[in-house]
Amino acid sequence: MEARARAEADAKARAAAEAQARTEADVRAKVEAARQAQEHAERARFEATERARREAEELRFKLEEERRAREEAEALRKTLEDERRAREEAERKAQEERGKREREHLAELQRIQEEEERRRRNEEAERSARDVTERREAEEHQRQIRLAREAEDRKRRDADSRKKKEEETRRWEHEEARRKSDDTYRQRAEQEDKERAEREVVEAAERAEAEKKAAEAADVLAGSLLADLDSFSKREEDERHEKQALEQKEREERLRQTQEEEARLAREEAERRALKAEEKRQREDEERKQKEEEARLAREAEAQQQEAEEKRKKEREEKARNKDDIPISSSDLARDDVSDDERKLTPEARKALRDREREVQRLRARGDVPSAKAATAYQRKQPIKWGRPVALGLFTLLAAGVVVLNVLPQPIAEYERLASDALGTPVKIGAARMWVLTGVEMRFERVQVGESIRIAEVRAVPELGALLSGNKAFSRIEIDKLNLPQELLGGALFGVMKSDRLRVARVVAKGLKLEGPLTLPAVDADMQIGSDGRVLSVRLTGERTSGQLTPRGDGMAFEVALGSFTPPFLEKLSITDFGMKGSANRQDLTLSEFDGRLYDGTVVGKARIQWGAQWIVQGEIQGRTMNAAVFAPRLVSEGRFEGKGRFALAGPDLARLGEGARLEGSFTVSKGALGTFDLSRALQSTSAQASGRTPFSELSGSGALANGALALRDLRLASGILSATGSLDVDPSGGLSGRINAELRNLRGTYYISGKLQDPQLRR
C-alpha cells in the first residue's frame, strides 16, 4: 500500500512538475513571442524612421540642389546681364568716344581751315599792301625821274636859247658892220629884225606850252594815284577771283592726278593680269608644242618602223623571187614603178605589156630560162626616181647636222666675260653647247657664280640673231634646283645688271631653295627683267606656296602665302596657312599684315624687321579662338583663348632672337577649366589639398614676358557663384609662385600656388 501510495505520490508529483514545466514553457514561449513581436515592431519603426529620415534628407538635398541651381542660374543670368550691360556701356562709351574724337577732329580740321583761311587773307592783305606800296614807290620814282628829265630839258632849252641869242647877237653885230658898208644893209636888217621878233614869239609860245604840259603831267600824276587807290579794291577782287580759279584748277589737277593714279593702278593690274594670262598661254603653248613634238617623234618612229617592216618584207619577197635564178631582178620589175608606168600607157600598150608578162610567167613556170639578150629585150627602160633619194639624203644631212650641233662644244670665254661684267662678280662656265632638238638653246654646264653659287646646268633661249652678235640677248633662262644663300637674296632682287652687252628678259628657277637661318620651302621663281636690267616682277609658285614680288621705288612690295611657317627663333612653333603682305628694302622689312592658323585658332598681326649689326623685330600680335590647353594643360586644361599684345625681339642673329623676347598684352579664356584643383571643394573643405577641376565661364588677365619669365597680373575667374582673383609668376625653369583669393557665397579663402608647370600645388 505504501509502495502504491508512494508511486501515486510520485506520479502526482511528476504530473505536477510536468504541468508546471509546461506552464513555464508556455509562459516562456509567450514572453519570447512578445519579445520578438516587440523587436520586430521596433525594427519596423526604426526602418520606417530611417527611411523617412533618408527621404527627408534626399528631399532636402534635392531642394538644396534645385535652390543652388536656381541661384547659379540667377547668378549666371545676372552675370550675363551685367556683361551685356557692361558691353553695351562699353560700346556706348566707345561710340561716344568715337563721336567725341570725330567732333574734335572735325573741330580741329575746321580750326585749321579757319587759321589757314585767316593766314591766307592776311597774306593776301599784306601782299596787296606791299604791292600798293611798291607801286606807289615805283610811280614816285618814275615821277621824280620824269620831273628831273623835264628840268634837264628846260635847262637844255634855255641854254640853247641863250646860245642862239648870243649867236644872233654876234651875227647881228657882224651884219651891222657889214650894213654900214653895204647899200642894202638897211633892208636886210629890217627883214632880220622882223624874223628875229617872230622867232622870239614862237620860242615864248613853246616855253609856255612846255610849262603847261608839265603842270598837266603833275595833275595827271596826282589823278593817277587817286585812280590807283580807287581801283585797288577792284584789283584785289580780281586777284581773289584769280586765286579762287587757281585753287579750283589745283583741285581739278589733284582730281585728275588721282584719276590718273587710279587709272595707272588699273592699267598695272590689267598688265599683271595680261602678263599672267600671257605666261599661262606661253606655258600652254610650250606644253602643246612639247606634246606635238612628242606626237611627231612618235609618228616618225612609227613611220620608220613601218618603213623598216616594208623594207624587210621587200627583201623577203626579193629573196623568194631570186630562188629560181631568173636574170630579171626585182629592181627590173619593181611593181610600184611598173604600176606608175602602166598608168601612163595607152590601153593597147598596157594590154601588150600584160601579154608579155604572162608569157614570161609561162616560160618561168615551164623552166625554159630565156637568154640574157631576150631578158634585156623584155626589160623596159625605167625612169630614175630622184625624189626619195634626195629626201633621204637631206634628212640624213639634217640629222647629222643636228647631232653635230648638239655635241659640238661652244666657246665659253666670251660668255664668262659678259656674265661677269653684267653681274659684277666672277662667273665660271665648265662647258657650253647648243641644243636644237626641242628648239634652239644654249646649255651651260657646271656654272659657278662667285664663291657660293654652283649650278649644274643653265638653259638659255637666245633671241634671233644674238648668237652671231657681240652683244648677247636671251629671252629666257632656266635653272633647275638652284640653292641660293639667303644673304644674297637682296642683291638678286634689288640689284641691276651692270653691262648692256648681256640682256636677259626672263629667268625661271625651278626648285629654288633659299638656304639660311629662315626655313622656307622650295619654290619655282619666275623673274621678269626690264630693258634697264632691273627686276620688274617675281612670281613664286610651289606646293601650297604662292607669292608675287613687285618693285616699288627703292623697295619691293610682296604678298606671299605659305602652307606652313616656322620662325627660326621658335623652332617648336609652326603656323599653318601662313600669309603675309608688306614691303622690303636693303635695310628692313615691314609686314603690314600677317595671319595664319595656330593651336586650332588663328593668329594675326603686323611687324617690322630690321637687320644690320643686330636683328630687331617689333610688332603687334593677336590670337583668336585658340586652344588654351596647349600652353599649360595642368593649369588650364580646356578653353578658348583670345589675346592681343605687343612684342619686341633683339639679337645678334635670327636664331638667338628669342633670348631677349619681350611681350606685353591682355588675354581672356572662355568656357574653360582649371585642370589640377577644385576651388569650390577647397573652400568647403579643411584639407590642405583639393584635387579636381574648376570649370569657369571666363578667365581674364594681363601678362608680361621678359628674359624668359612670365608675370600674370589682374587675374579674374568667374564660375557662377564662384569667383576668384589673383596673380601668378612663372620663372624660366617653369617654377610657379602665385596667390588666389576665392569666394563662394559667404565662404572666402586665400590659397597659394607653387610647384612646377607640370605639377602645380595648391595650399592654404
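The legends below describe close-up views of a predicted model. Local features are given where pLDDT is at least 70 and side-chain atom pairs where pLDDT is 80 or more, while totals for chains, interfaces and linings use all residues. Residues are numbered from 1 along each chain as its sequence is written, and side-chain values use heavy atoms, with hydrogens and water left out.

**View 1. A nonpolar surface patch includes Ile-112.** Leu-106, Leu-109 and Ile-112 together make a patch of about 260 Å². Such patches consist of residues with over 30% relative accessible area and no salt bridge; nonpolar side chains (Val, Leu, Ile, Met, Phe, Trp, Tyr) are joined within 5 Å, and like charges within 9 Å. Accessible areas come from the Shrake-Rupley method with a 1.4 Å probe, and for residues only the protein chains shown count as cover. A salt bridge is a side-chain nitrogen of Lys or Arg within 4 Å of a carboxyl oxygen of Asp or Glu. Ile-112 belongs to helix α1, residues 2-181. Helices (H or I, at least four residues) and strands (E, at least two) are DSSP runs, numbered from the N terminus. Ile-112 counts as partly exposed because its relative accessibility is 41%; buried means under 20%, exposed over 50%, and partly exposed in between (1.4 Å probe, protein chains only).

**View 2. Thr-550 is a buried residue of strand β10.** The strand covers residues 545-552. Thr-550 has a relative accessibility of 17% and therefore counts as buried. Leaving aside neighbours within four places in sequence, Thr-550 is in contact (heavy atoms within 4.5 Å) with Leu-536, Met-556 and Ala-557.

**View 3. Strand β18 pairs with β17 and with β19.** Two strands pair if DSSP finds at least two bridges between them. Strands β17 (residues 662-674) and β18 (residues 694-706) are antiparallel, with twelve bridges; here Leu-663 faces Leu-705 of β18. Strands β18 and β19 (residues 709-719) are also antiparallel, joined by eight bridges, and Glu-698 stands opposite Ala-718 of β19. A hairpin is formed by β18 and β19, with two residues between them. In its turn, Asn-707 has a positive phi of about 55 degrees.

**View 4. Lys-671 and Asp-714 have positive phi angles.** Lys-671, in strand β17, is not a glycine, yet its phi is positive at about 50 degrees. This lysine counts as exposed because its relative accessibility is 70%. Asp-714, in strand β19, is likewise not a glycine and has a positive phi of about 55 degrees. With a relative accessible area of 58%, Asp-714 is exposed.
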